[in-house]
Every structure is written in C-alpha cells, then in structure tokens.
Amino acid sequence: MRVLVANPPAYFSNDLTRHFIQAGSRWSFSLKIPKYSGIKDHYLPYPFFLGYTTALLKRDTDAEVKGFDACALDFDDREFIEYVIRYKPDLLIIEVPTVSFPLVMDMLRKIKEDLPELKIAVAGNHITALTRDVMMQYPLIDYALLGEYELTAKELVTHLINGRDSPEYLRSIKGLAFRKGNDIVVNEGRNVIMDLDSLPFPDRDDFDVMHYHDFEIVGKPTVQMLSSRGCPYSCIFCVERHVLYASPIYRKRDPKKVVDEIEFVMERYKAKQIYFDDMNTTLDKRHIIAIAKEIMERKLDIPWACMGDINVDTETLKILAKSGCVGIKFGVETINTEALKMINKLFIYEHKVRKFVETAKSLGLFTHATYTIGLPGDTREGILRTIKFALELNTDSAQFSIATPFPGTPFFELARRNGWLITLDWTKYDGANYAVVSYPHLSNKEIEELYLLASNLWWIKKNEGSLIKHFIKRPQELRGLVRRVGLKGAINMVRYLVEVI
C-alpha cells in the first residue's frame with residue numbers, strides 16, 4: 001500500500017500572487033509573495049503533525065510512505081495534481097487549514113477524477129471543527145482524521161493494509177470520521193497523546209529542514225522542535241487549544257529525550273539553531289530548566305529560541321540564557337483591559353510586559369512580541385494605544401495579526417451569536433489580510449486599516465526612523481492615504497504617526 005502524507009500547495013492558479021501558509025501554522029493566513037518572485041526565506045513553519053505522522057507510519061506500518069510538502073516547494077495546484085497523479089498513492093493524507101479549504105477541495109476533486117480509486121483522508125482544524133458539514137459538502141473526502149491525528153492515521157493505515165475497511169472495523173478507530181453509504185459516521189474522539197516520547201522524532205528527510213524558516217536569529221538551518229504539547233490557558237481565539245487538542249491538558253516530553261533530538265538534528269542535519277515552537281515552552285519552569293541544564297551538562301554548543309510568555313521569572317531566564325537561549329517570542333495581543341477580559345488573557349499588564357522585555361534584553365535575548373488587532377471588547381482608541389505601546393516597547397521584532405474567529409473556537413461562537421460575522425467565505429479567514437468580523441463600534445474596514453497602520457508604523461520605525469524621510473521616499477503612499485481617508489483624515493493620521501513615532 002502506498003501512502004502520501006502531504007501539505008497542500010502554496011499557490012492556486014486563480015491567483016499566483018497569494019502564497020498560502022498551510023499545515024504547521026497556528027492560524028490561517030497567506031502572504032503577498034508572487035510565485036515567481038524568487039523569495040524563499042520567508043516565514044514557513046515546519047508541519048509537525050505531518051512530520052510525526054510520516055515518521056510513525058514508516059516505523060509502525062508496512063506501507064510505503066512518503067511525506068511531501070508542496071507548500072514548502074512553492075507548488076501551485078496544477079503542479080500538485082500532476083505530482084499526485086504520477087505518484088499514484090492508494091491513500092492521500094492531507095492537512096488543510098481553514099483559509100485554503102475550498103481551494104484545496106476543488107484541487108482534490110480534480111485528482112479524484114484521474115485517480116477514482118484513490119482514498120483521501122483530510123486532517124486539520126477545519127474538518128475537526130465542522131466534520132459533518134464538510135464531509136456532506138465534499139463527497140470526495142473518504143476519511144476525516146480529527147484532532148491530534150497521528151495515532152488515528154496509523155490505525156487507519158493498518159486497517160486498510162489488512163483489508164479491514166468495512167464500517168464494522170472502522171468504527172473502532174477513535175478520532176476517525178468516515179462514510180457508510182450516504183451517512184457520515186463520526187467515531188468517539190481520541191484522547192490526547194499523554195506519552196509524547198512514544199512517538200518517533202518527526203520526519204525531516206522528506207520534510208527537508210532547509211525549507212522551513214521561523215525565528216532564525218543566529219543560524220540556518222534553524223530546526224523547529226516541540227518539547228511539549230497543549231496549554232492550560234483558554235484564550236478564546238486559540239485554535240490549537242480549543243480545536244486541535246480540545247483540552248487544557250499540558251503534556252511534556254522527557255527533557256533528556258528532547259536533548260537527544262537536539263543532538264540528532266545537529267549531527268544529521270547540521271542544525272545551527274533550534275527553535276521550540278511549543279504553545280508555551282516556558283509554561284513549566286522546571287521542565288524548561290531541566291532541558292537547559294541537560295544542554296549544559298552535555299556541553300552542546302547550539303543556540304536556541306522558544307515561544308514562551310511573560311510569566312517566566314528572571315532567574316529562569318538567566319538559566320535559559322546561560323544554556324544558549326538567544327530569543328523568546330511572547331504574546332501581548334492588546335493592552336486594552338476589557339479586551340483582555342473578553343479573550344481570557346488576564347495575566348497581561350503593561351508594567352509586567354515592560355519589565356519582562358527589559359529583563360530579557362539585559363540578558364541579551366532577542367525579543368519578539370505578537371499583537372492582535374480587532375479582538376472582541378477592543379475599540380479604535382484601545383487599538384491605537386496598543387500600537388503606541390508596541391512602538392514604545394521596542395522589542396527586536398513584532399508580529400501584528402487580524403483577530404479571526406476560526407471555526408470551533410469560542411471566538412467563532414461568540415461572533416456568530418452576536419451577529420459580528422460578515423462572511424463564511426473561508427478564503428477570507430486570513431489573519432494577515434482580511435477582517436471577517438464587524439462590531440457595532442468597530443467595522444471590519446477599520447480593523448483592516450488599523451492592522452495596516454500598525455504594520456507600517458513598525459516597519460517605518462525599524463527601517464526608516466523618520467516619518468518625513470519615509471514619505472519623501474514614497475510619495476505615492478501619502479497620495480494613497482489621502483485618497484482613502486480624505487485630506488482631513490490624512491492630516492489627522494499623519495499627526496498621530498508623528499506623535500507615536
């Protein structure tokens with residue numbers, strides 16, 4: 001049996017200027033990078049669940065298994081179709097995010113026309129949240145792999161190899177949905193994997209480490225790793241917490257085995273840096289300290305960075321820095337107290353964020369803060385204050401995104417209940433380009449404008465320093481601003497830009 005475990009393509013032939021970030025990203029979005037631009041080293045996360053699934057199937061089944069990342073290779077849909085038809089798998093496992101879901105389904109329909117015997121298993125947050133609706137809409141989907149799906153994929157492949165593909169057998173696979181005639185059968189959900197070390201290291205042969213770029217501070221390749229899964233917090237917009245894991249359970253790997261993996265990628269893939277892309281690597285200070293001490297005990301000369309939060313204390317940061325930690329990402333989202341209450345992120349305080357950044361910088365750590373524009377409870381004035389705070393905080397880098405209520409999250413249900421959703425066109429659920437919520441006091445267009453303002457201000461501050469210099473170099477931007485908001489509006493906005501810069 002031949003199994004292809006695939007990440008969808010980056011481009012679709014109806015628009016070769018929009019690069020979709022597919023499996024691996026916590027939130028659905030696309031980048032404005034034309035297919036033939038030659039730009040390669042942009043943000044692209046490693047698709048962990050595809051990587052782990054590929055490695056697990058290779059280790060534990062008799063199938064011929066190949067991992068394939070069409071997104072990392074900048075494939076478009078036509079190239080992907082040609083590849084799959086040439087390879088002729090018996091089973092295609094593909095993880096599809098919300099933003100590209102309709103486009104990928106159109107592509108899979110064409111593949112199925114050429115390969116009618118092909119079985120298609122779709123994984124990811126979107127189909128997990130909307131299982132029955134999606135499978136009813138798209139008959140081409142034979143199976144849905146729900147939630148944290150590695151073990152579900154392994155059991156499905158084992159059943160198919162042994163000819164146990166009847167509904168009676170498939171009903172025993174937790175976390176699986178399948179077809180029984182015209183009916184959709186959704187099996188009992190699978191519990192999250194408690195023993196993460198029972199999984200092999202994710203496949204990095206088929207999913208080449210040189211293709212992926214995230215938080216590369218001091219070296220390439222930066223190999224992305226996980227030391228834990230899950231998060232006990234309950235931020236209402238978080239897809240991983242509410243859909244992928246649907247659980248507050250936080251699970252940790254054995255620190256020794258984490259460092260075994262570091263040694264492995266240093267030797268095999270010549271890693272120059274490690275980036276821990278856990279939901280929150282610093283959540284349990286004993287765990288991250290144990291990893292840091294194991295790195296030091298083995299005298300590994302490898303810089304590393306992580307996703308964390310501002311709750312990590314000074315003494316812990318010192319130990320991390322001593323072991324080779326060179327940077328930390330952390331979420332702020334907003335400094336508007338009402339919005340923080342609405343999203344269940346109550347540990348964010350301005351003075352606490354400032355103190356954390358001050359401490360991290362004093363230890364030589366690169367700091368990266370994330371902000372979300374247009375959260376429920378936020379206002380135009382609150383967002384402007386957050387933008388000003390971000391510029392004053394002056395972290396080494398920053399990420400701004402548009403608040404997007406993805407299916408399955410409490411944010412989505414809140415937005416639907418209150419009539420804030422303006423579309424169910426999933427290709428617009430793109431946190432880097434479109435706002436799909438419109439509040440009575442804050443429209444979707446205002447959210448998009450404030451997002452662009454935040455991103456542009458940050459870029460100007462870091463690259464130009466002078467607003468006057470920026471507009472002298474780019475007079476077309478000033479003219480465009482006047483066209484969009486009128487002369488009075490442009491004067492007011494420029495006055496604000498001068499103030500915050």
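This is a predicted model: local features need pLDDT of at least 70, side-chain atom pairs count only at pLDDT 80 or more; totals for chains, interfaces and linings use all residues.
1. Take cysteine 306 as a case. The closest cysteine sulfur to its own belongs to cysteine 325, at 4.9 Å, and that is too far for a bond, because a disulfide needs the two sulfurs within 2.5 Å. Cysteine 306 is also buried, with a relative accessible area of 0%. Cysteine 71 is another buried one, with a relative accessible area of 1%.

2. Next, the helix pair H13 and H14. H13 covers residues 350-362 and H14 covers residues 380-393; they pack at an angle of about 20°, and their axes are 11 Å apart. That angle makes H13 roughly parallel to H14, because anything under 35 degrees counts as such. If you care about handedness, H13 passes H14 in a right-handed crossing.

3. Who touches whom here? On the H13 side you'll find Glu350, Val353, Arg354, Val357 and Lys361, and they meet Phe389, Glu392 and Leu393 in H14. The residues of this contact split into four nonpolar and four charged, with no polar ones.

4. For the H14 and H16 contact, H14 brings in Arg380, Ile383, Leu384, Ile387, Ala390 and Leu391, while H16 supplies Glu446, Leu450, Leu453, Ala454, Leu457, Trp458 and Lys461. By class, that comes to 10 nonpolar residues and three charged, again with no polar ones.

5. Now some backbone details worth a look on screen. The peptide bond from lysine 220 to proline 221 is cis, with omega near 0°. Where does proline 221 sit? You'll find proline 221 in the loop between strand S9 (183-186) and strand S10 (222-225).

6. Lysine 88 has phi near 55°, a positive value in a residue other than glycine. Its setting is the loop between helix H2 (77-87) and strand S5 (91-95). Is lysine 88 buried or exposed? Lysine 88 counts as exposed because its relative accessible area is 56%, and the cut-off for that label is over 50%.

7. Alanine 246 also has a positive phi, about 45°, although it is not a glycine. This alanine 246 belongs to the loop between helix H8 (239-244) and strand S12 (251-252). With a relative accessible area of 56%, alanine 246 is exposed.

Note on methods: Residues are numbered from 1 along each chain as its sequence is written. Side-chain values use heavy atoms; hydrogens and water are left out. Buried means under 20% relative accessible area, exposed over 50%, partly exposed in between (1.4 Å probe, protein chains only). Axes are lines fitted to C-alpha atoms, for helices over the stretch in contact, and angles run from 0 to 180 degrees between N-to-C directions. Helices (H or I, at least four residues) and strands (E, at least two) are DSSP runs, numbered from the N terminus. Angles under 35 degrees count as roughly parallel, over 145 as roughly antiparallel, 65 to 115 as roughly perpendicular and the rest as oblique. A crossing is left-handed if the near helix is turned anticlockwise from the far one by less than a right angle, and right-handed if clockwise. Contact means heavy atoms within 4.5 Å. Ala, Val, Leu, Ile, Met, Phe, Trp, Tyr, Cys and Pro count as nonpolar, Asp, Glu, Lys and Arg as charged, and the others, Gly among them, as polar.
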